[in-house]
Amino acid sequence: MKPLIALLCALLAGAAFGEGSVSLVELNKQAAAGDASAQLALGTAFDQGSGVKQNFKEAAKWYALAAAHGNSAAQNNLGSLYLHGLGVPQNYAKAFELFQQSAEQNFAPAQCSLGLMYDNGWATPKDPAKAHEWYEKAAQNGDAQAAYNLGLSYEQGSGVEIDQSIAFSYYEKAAARGLPIAQNEIGYRLCNGVGTSKDPEAAIAWYRKAAVQGNVPAMANIGLAYRDGTGVPQDLIEAFAWLDLARFATQRRYENRNIKWGVRRELDALKKQLSSAQIKTGQQRAKQILQELKTEFSQTAQPQTTQQ
């Protein structure tokens with residue numbers, strides 16, 4: 001089974017209320033008058049807590065109205081709420097129905113989500129081949145998560161024969177579309193020559209792209225690279241700084257305990273090789289790196305666009 005947190009494709013799609021958009025009062029008027037685009041936008045605003053207090057029940061109400069008009073993005077987003085039981089009782093069968101309605105309109109996130117339902121046997125018999133089919137459709141429509149899922153399928157042999165080179169090609173597509181988990185995976189594969197030739201220097205570049213988006217494993221991998229001198233000159237203080245940054249990033253609401261405690265083990269082991277002064281320098285450097293990543297993120301962040 002593919003992990004839900006990493007692979008959920010039911011991504012929010014819609015224009016949330018915010019700077020440059022119509023006023024909330026006007027949006028309410030349009031939505032109340034039956035405008036499906038306004039209903040989607042209002043639902044997304046409540047879903048994300050954008051310009052209003054987050055309220056999943058209210059989001060579900062507006063999504064349902066837009067979905068009744070056949071709005072594919074609203075169908076997908078409402079399906080996500082049913083999948084998680086947010087604002088509505090959890091209902092896999094209802095989620096499947098909504099994802100299918102949206103997917104049949106060629107809406108890529110829903111196609112990916114439908115693949116996930118088949119992949120895990122939620123409200124339908126488990127069918128890796130069918131999951132692969134929907135992932136393919138979504139990936140062809142530009143969905144990064146679907147491309148990543150296809151990479152996993154070829155890596156694990158789920159619905160297809162294991163082929164690490166094909167897995168790499170799909171991970172690469174997902175990484176090029178900006179998915180941080182895929183960027184870290186490409187870094188790992190380039191560093192270790194899995195499904196491709198070894199290229200540690202290129203691996204560092206991909207790790208950094210993922211780290212800019214807050215990917216903790218990528219931060220840790222950069223730290224380990226500096227520790228070992230892989231793709232970069234060996235620098236134990238820089239290694240400490242990246243591992244310390246990864247540790248900091250896992251302090252709040254980080255669910256992967258293996259990564260969380262793995263980072264701490266590596267950091268504790270490295271501390272034994274450093275003096276108190278070097279540790280202090282590394283901690284200061286971690287703060288500098290954090291600011292660098294924030295700056296890079298602000299420069300690369302793209303404004304959200306409406307999809308429907």
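A: A residue is called buried when its relative accessible area is under 20%, exposed when it is over 50%, and partly exposed in between, as found with a 1.4 Å probe and protein chains only. On that scale aspartate 228, at 44% relative accessibility, counts as partly exposed. The model is a predicted one, in which local features need pLDDT of at least 70 and side-chain atom pairs count only at pLDDT 80 or more, whereas totals for chains, interfaces and linings use all residues. Residues are numbered from 1 along each chain as its sequence is written, and side-chain values use heavy atoms, with hydrogens and water left out.

Aspartate 228 is found in helix H13, where helices are DSSP runs of H or I with at least four residues, numbered from the N terminus. Eleven residues separate aspartate 228 from alanine 239 in sequence, and their C-alpha atoms are 8.7 Å apart in space. Helix H13 covers residues 216-228 and packs with helix H12, residues 200-212, at an angle of about 145°, the axes lying 8 Å apart. The axes are lines fitted to C-alpha atoms over the stretch in contact, and angles run from 0 to 180 degrees between N-to-C directions. The crossing of H12 and H13 is left-handed, a term for a near helix turned anticlockwise from the far one by less than a right angle.

From the H12 side, Ile204, Tyr207, Arg208, Ala210 and Ala211 meet Ala218, Met219, Asn221, Ile222 and Ala225 of H13, contact here meaning heavy atoms within 4.5 Å. By class, eight of the residues in this contact are nonpolar, one is polar and one is charged; Ala, Val, Leu, Ile, Met, Phe, Trp, Tyr, Cys and Pro count as nonpolar, Asp, Glu, Lys and Arg as charged, and the others, Gly among them, as polar.

Arginine 189 lies in helix H11, residues 180-192, and counts as buried because its relative accessibility is 2%. Its side chain makes a polar contact with the side chain of glutamate 185 at 2.9 Å. Leaving out residues up to four places away in sequence, arginine 189 touches Glu155, Gln164, Ala167, Phe168, Tyr171, Val194, Gly195 and Thr196. Serine 102, in helix H6, is buried with a relative accessible area of 0%, and its side chain reaches the backbone oxygen of serine 72 at 2.7 Å. Under the same exclusion of residues up to four places away, serine 102 touches Ser72, Gln75, Asn76, Phe107 and Ala110.

Most residues other than glycine have a negative phi.

As for confidence, pLDDT is the predictor's confidence in each residue, from 0 to 100. The chain averages a pLDDT of 92, and 91% of the residues score at least 70. Over residues 1-8 pLDDT stays under 50, and the model has 28 contacts beyond four places in sequence for them; over residues 303-308 it also stays under 50, with 18 such contacts. Where pLDDT is low, the predicted coordinates should not be read in detail.

Methods
Helix = DSSP H or I, 4+ residues; strand = E, 2+ residues; numbered from the N terminus. Polar contact = N/O pair within 3.5 Å; in protein donor to acceptor, adjacent residues only side chain to side chain.
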